Structures are given as structure tokens and as C-alpha cells.
Amino acid sequence: MTMNTYSPADAHGIHAAVGDQILVGGPMVGKPGRDGEVVALHHDDGTPPYDVRWSDTGRTSVFFPGPDAHVRHLHDETGPPRHEERPNGATASC
């Protein structure tokens, strides 16, 4: 599975914070996907790329999300909803 083939412009408005979970769909129907934890940001605004520690290997790599990637926000529920912080009205799937 190629993970770093997309540029930030292809990241479809995705934003993440340190501690959020990245979920990537499987390479074909019926195959499990991959998940990891965002351990570092390259941009203060939460746009890609991210340093992600993958749960299946424990290794960390630079990740540029593609169209099959989603962020599961694991932020403090007492804070403002993250979608209100997005530029241009973009929302994240939680």
C-alpha cells in the first residue's frame, strides 16, 4: 500500500491535531485498513502532512492523506468543536 503519494493539495480539507487517530481504508473491499496516531504536525494549522505512528508496526512515518483517509478527533470534549476552527467551511469526519 503506497502511503505518501498524495500532495497536501489533494488532502480534501483534512485537519488533525496531535493525538488524533488517522484511519486509512483497506486497499480492496473486504481487506482491513490501517490506523495510526498523529504524533507531530508539520503545519500549525493542522493541515497535512503528519507524522503518524502506525498501530500495526509501531513505526512512525510522514503521511500525506489520500481520499481514503479520515481523521478521528480525540480532543477534549469540553473544547470547541474542531469543525468550527476549519478555514473555508471545511468539516472533518468524526
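**Entry 1: the elements**

I began by listing the elements, and the chain has five strands and zero helices. Here helices (H or I, at least four residues) and strands (E, at least two) are DSSP runs, numbered from the N terminus. Read from the N terminus on, the elements run β-β-β-β-β.

I noted that this is a predicted model, where local features need pLDDT of at least 70, side-chain atom pairs count only at pLDDT 80 or more, and totals for chains, interfaces and linings use all residues. Residues are numbered from 1 along each chain as its sequence is written, and side-chain values use heavy atoms, with hydrogens and water left out.

In which order do the five strands of the open sheet stand? I found the order 4-3-2-1-5, with antiparallel pairing. Strand 4 and strand 5 are at the edges with a single partner strand each, so one side of each has no neighbour in the sheet. On average, neighbouring strands of this sheet are turned by 40° against each other, direction ignored. For that angle, axes are lines fitted to C-alpha atoms, for helices over the stretch in contact, and angles run from 0 to 180 degrees between N-to-C directions.

I reminded myself that strands of a sheet pair through backbone hydrogen bonds, either parallel or antiparallel. Two strands count as paired if DSSP finds at least two bridges between them.

**Entry 2: walking across the pairs**

I went through the pairs one by one.

- Strand 3 (residues 50-54) and strand 4 (residues 60-63) run antiparallel and are joined by four bridges; R53 stands opposite T60.
- Strand 2 (residues 34-41) pairs with strand 3 in the antiparallel sense over five bridges, and R53 is the bridge partner of E37.
- Strand 1 and strand 2 pair in the antiparallel sense over four bridges, with V24 opposite R34.
- Strand 1 and strand 5 run antiparallel, joined by four bridges; I22 stands opposite V71.

**Entry 3: a turn and a cis bond**

Next I looked at two spots in the backbone. Strand 3 and strand 4 form a hairpin with five residues between them, and G58 in the turn has a positive phi of about 75°. P49 lies in the loop between strand 2 and strand 3, and a cis peptide bond joins P48 and P49, with omega about 5°. For background, most residues other than glycine have a negative phi, and most peptide bonds are trans.

**Entry 4: what is buried**

I then turned to burial, where buried means under 20% relative accessible area, exposed over 50%, and partly exposed in between (1.4 Å probe, protein chains only). Of the 94 residues of the chain, 29% count as buried.

Which residues make up the largest nonpolar core? I listed eleven: I14, A16, I22, V24, V38, Y50, V52, W54, F63, A69 and V71. Strand 1 (21-24), strand 3 and strand 5 are the elements that give two or more residues to this core, and the largest share, three residues, comes from strand 3. A nonpolar core is a set of buried Ala, Val, Leu, Ile, Met, Phe, Trp, Tyr and Cys residues joined through side-chain atoms within 4.5 Å.

Strand 3 itself has a covered face, Y50, V52 and W54, and an uncovered one, D51 and R53.

**Entry 5: one aromatic pair**

Rings of Phe, Tyr and Trp (its six-membered ring) pair if their centres lie within 6.5 Å; planes under 30 degrees apart count as stacked, over 60 as edge-to-face and the rest as tilted. By this rule I counted one aromatic pair. The ring centres of W54 and F63 are 5.3 Å apart and their planes stand at 85°, so this pair is edge-to-face. Both W54 and F63 are buried.

Is P65 buried or exposed? P65 is buried, with a relative accessible area of 1%, and I found it in the loop between strand 4 and strand 5 (69-72). The C-alpha atoms of P65 and H15 are 10.0 Å apart, although 50 residues separate the two along the chain.

I also checked contacts, meaning heavy atoms within 4.5 Å. Leaving aside neighbours within four places in sequence, I14 is in contact with several residues, including P65, Y50 and V71.
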